[in-house]
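Subject: The structure we talked about

Hi there,

Here is the structure I promised to pass on. Have a look at it first, and then read on for my notes.

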Amino acid sequence: MSARVIHTGQALVDVVLEVPGLPVRGGNVNAATYRRYAGGAVSTLLAAARTGAPAAHAGAHGTGANGDLVRQALTDEGVEVSAPPVPGLDTGICVVLVEPSAERTFVTTYGAEREISVTSLQTSEPQPGDLVCVTGYSLYPPTRDPLLQWLTDLPEGVVVVLDPGAALADIPAEIAARLLGMTDVWTSNAQEAQELTGVDDAEASCGAVAARLSRAAAVIVRDGPAGCFVHVEGRTTSVPGYPQTPLDTNGAGDTHTGVLCGERVLGTDWLQAARRANAAGAIKVTRRGPDTAPTRAEVGEFLRQQEH
């Protein structure tokens with residue numbers, strides 16, 4: 001079996017509203033558009049699948065209309081949905097307010113996506129060489145304990161990829177340390193790296209994050225349109241980005257992570273994988289919706305255009 005990208009995180013439905021600005025407390029604002037998308041872990045998995053990597057969702061999903069939307073989005077792209085639906089409970093939503101600057105604000109509910117167990121996660125049957133993606137948002141109860149237990153017993157050779165999100169800063173230090181001890185790859189934005197290390201320079205934070213992980217771990221820190229920094233084998237390298245005029249940044253980080261992981265499954269080295277992930281993120285921000293990651297061919301064409 002070929003190596004896969006397996007995501008353990010929350011597949012949600014993003015309810016996206018384009019607004020002229022956030023309302024003041026107690027105020028009102030009229031949205032220009034309204035649309036429902038499959039989001040959360042789905043965005044990362046679609047990006048990996050469009051890169052050409054086998055992909056699977058090990059997380060939970062519901063039995064209602066939201067769960068149907070999540071499953072349809074995944075199966076349409078050939079992503080395996082390993083666990084059965086949670087009976088009698090629908091998938092939760094994330095209300096996303098997108099401003100003209102392309103900045104987004106989230107309000108998230110809990111639903112079936114939080115009903116994981118060691119047994120449900122194990123339906124993905126991870127094998128050596130697979131990349132298992134973990135989000136820091138899974139460290140909130142009730143997903144925290146079954147996830148950590150399952151990660152502890154993964155077969156040797158399975159690569160654990162941590163995308164901490166903003167959640168890691170809120171997690172008890174002993175829980176965060178436990179997860180970091182199992183992390184083979186860290187991928188985050190600069191603010192998340194700074195929150196872990198206290199280092200506010202994106203490049204320097206790479207090495208500071210690496211010092212919290214095993215000696216063989218890789219660290220990727222995204223620096224917005226400027227690109228990202230990659231720390232492997234004791235060395236930090238700048239990988240330039242491709243600044244664009246953004247329409248929607250929702251899902252850009254997930255796209256970067258999905259392409260990065262997908263490229264690694266395909267055998268691409270870290271620096272080239274990061275270059276392609278930067279390009280994919282640049283394309284994504286020019287498209288509305290969290291599920292609009294480019295294909296591998298689109299990334300290749302974009303990079304060829306940058307060379308001229």
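Which residues does H256 touch, not counting residues up to four places away in sequence? They are I220, R222, C228, A274, A277 and N278, where contact means heavy atoms within 4.5 Å. H256 itself lies in helix 8 (residues 252–265); helices (H or I, at least four residues) and strands (E, at least two) are DSSP runs, numbered from the N terminus. With 4% relative accessibility, H256 counts as buried, the cut-offs being under 20% relative accessible area for buried, over 50% for exposed and partly exposed in between (1.4 Å probe, protein chains only).

A word on the origin of all this: it is a predicted model, in which local features need pLDDT of at least 70 and side-chain atom pairs count only at pLDDT 80 or more, while totals for chains, interfaces and linings use all residues. Residues are numbered from 1 along each chain as its sequence is written, and side-chain values use heavy atoms, with hydrogens and water left out.

C228, one of the residues that H256 touches, has V239 in strand 13 as its bridge partner. Strand 12 (residues 227–232) and strand 13 (residues 235–240) pair in the antiparallel sense over six bridges; two strands pair if DSSP finds at least two bridges between them. Their hairpin has two residues between the strands, and E233 there takes a positive phi near 50 degrees.

Next, the helices that follow. Helix 9 (residues 270–284) and helix 10 (residues 296–306) pack at an angle of about 95 degrees, with their axes 9 Å apart. Axes are lines fitted to C-alpha atoms, for helices over the stretch in contact, and angles run from 0 to 180 degrees between N-to-C directions. That makes helix 9 roughly perpendicular to helix 10 (angles under 35 degrees count as roughly parallel, over 145 as roughly antiparallel, 65 to 115 as roughly perpendicular and the rest as oblique). On the helix 9 side, R275, R276, A279, A280, A282 and I283 take part, meeting R296, E298, V299, G300, F302 and L303 in helix 10.

R276 deserves a look of its own. This arginine in helix 9 is buried, with a relative accessible area of 10%. A polar atom of the R276 side chain lies 3.0 Å from the backbone oxygen of R296. Among the other residues that R276 touches are V259 and E263.

Strand 8 and strand 9 pair in the parallel sense over five bridges, with L131 opposite V159. Four of the five residues of strand 9 are buried, so strand 9 is largely enclosed by the rest of the structure.

Notes
Polar contact = N/O pair within 3.5 Å; in protein donor to acceptor, adjacent residues only side chain to side chain.
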